[in-house]
Amino acid sequence: MTKMNSIAAFALAACLPCGAIAQPLKPGVLPSDSVYLLPLTLTDQDGIVHEWNSYRGKPRLVTMFYTSCQYICPLIIDAGKAIERSLTPAQLQRLGVVMISLDPARDSATALKETAAKRRIDTARWSLVAPPAADVRAAAAVLGIRYRQLADGDFNHTSVLILLDPDGRVLARTEQMGSNSDPGFLDAVRRATDGGP
Amino acid sequence: MNQLSLAGLGRLAALLFLGMPLAGALAGESGEYVAVPGGVFQSALRYEDVKDGVRIASFALMRAPVTNEQLLAFVKANPAWRRDRVPSVFAESRFLSHWKGPVELGPQALPQQPVTWVSWFAAGAYCEAQGARLPTWSEWEFAAAADETRTDARRDPAWRERILDWYSRPSTSALPRVGLQAPNAYGVQDLHGLVWEWTGDFSSLLVSGDNRNQGDADDTRFCGAGAISMKDNDDYAVMMRVAMLSSLEGADATANLGFRCAKDLP
């Protein structure tokens, strides 16, 4: 919530073709429906801070999760891995995965790194990241993810894989978790990672 | 509008207590905040994980919903939120579509009417610019349980009847201006009977689409147990609001959905 106002500044940057206020490292203007327009910093499993919009440039699978989740979240990871197994090596190289924590209070870089190791996640292609606590609701909102923290600290949340195009537009989404991939969603990932300009 | 009453003085005191500039109070009553003392609250929603009521800290709530005039001033000061400039990821195409122009209200949007056709992102940005935030659902429900004399009037069939009457009215007629209805026991106006309102945590209302009207929980969409169901099916205000908010995305805007801001109290 506290980030709402910087949305205004960022939106201004994105909407002006001149890019005077835009991030210097980001040539070009993001489309109006790009989720990367949300001003957001993310800390990854190695403690490195990334601007959310730095993930533009290749198609990505994005989801929200939390590391202490016992049931559904491992299935989200399985779903991402199952997609990857269905891709050719060339397609795989063109895809990135970003898993955003709903629980920055507990998901430190250390916690994210432990989960990556435990779940044998290749952090060359996958990023496990946590936003500032005040920005979780807005991050979830641009991704169409609903969640509520329960009294015991767990979260109820939408379990979804979202396929973004290189500019951060949503191409497809699936709520089918686990190792059996949603065929329509898999097709969309294949198309997005096939060759390219 | 400017009558000096005991209640008015109380509100002015609350305003000063909040450190609001006096000019804000003199400029008109809209935009004014009133203090809502916290407490333990029995929500009409059944939260699987909350057994002894929802604990609500004291907070301040805008006396009335944000008006067209107020949002216009915000858009002028923050032109990135003009309807012709805001990215669609933050506000859909109908955002402020009832205004005559990007920075002009026109006949369909009178200055003192509550602003509608506004997205959650825009509502949040407005509140943040005031040093405020959107209220939580629990804060809204807590404040909205009051009638003119009681902080919790929900058991009163007459109160329920009044609310049901509003919800069953066709929404085609023009919206009245804000602040016409009598203040509730906290001094807050128009929580019922005018527009529906965004909450900051609207996306925490996890109600399955299929069962939205009954409010039955459908856990399969969400991680773990504890989707929300209705504890009190006669609480129309809550049931309708939850049905509405649980169906929306952050960029959505509708004809009857506005907002007001809240603040933490020290």
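1. Helices (H or I, at least four residues) and strands (E, at least two) are DSSP runs, numbered from the N terminus. The model is predicted: local features need pLDDT of at least 70, side-chain atom pairs count only at pLDDT 80 or more, and totals for chains, interfaces and linings use all residues. Residues are numbered from 1 along each chain as its sequence is written, while chains are lettered from A and ligands numbered from 1 in the order in which they are written.

2. A residue is termed buried if 20 or more other C-beta atoms lie within 10 Å of its own, exposed if 12 or fewer, and partly exposed in between, with C-beta atoms placed from the backbone. Of the 197 residues in chain A, 48% are buried. Two residues are in contact if their C-beta atoms, placed from the backbone, lie within 7 Å. Among chain A contacts with a separation of 6 or more, 68% join residues 24 or more positions apart.

3. Helix H5 of chain A, residues 136-143, is mostly covered, with eight of its eight residues buried. These include A:Val136, A:Arg137 and A:Leu143. Just after this helix, A:Gly144 adopts a positive phi of about 70°.

4. A nonpolar core is a set of buried Ala, Val, Leu, Ile, Met, Phe, Trp, Tyr and Cys residues joined through C-beta atoms within 7 Å. The largest such core has 120 residues, and those touching the most other members include A:Ala139, A:Leu143 and B:Val118. Leaving aside neighbours within four places in sequence, B:Val118 is in contact with several residues, among them B:Leu71, B:Phe95 and B:Phe259.

5. Where do residues other than glycine take a positive phi? One of them is A:Arg120, with phi near 50°, in the loop between helix H4 (109-118) and strand S5 (126-130) of chain A. A:Arg120 is exposed, because 8 other C-beta atoms lie within 10 Å. B:Trp117, with a positive phi of about 55°, sits in the loop between helix H3 (68-77) and helix H4 (120-129) of chain B. B:Trp117 is buried, because 25 other C-beta atoms lie within 10 Å.

6. B:Ile56 belongs to strand S4 (residues 54-56) of chain B. With 19 other C-beta atoms within 10 Å, B:Ile56 is partly exposed. Beyond its neighbours within four places in sequence, its contacts include B:Gly38, B:Phe41 and B:Phe142.
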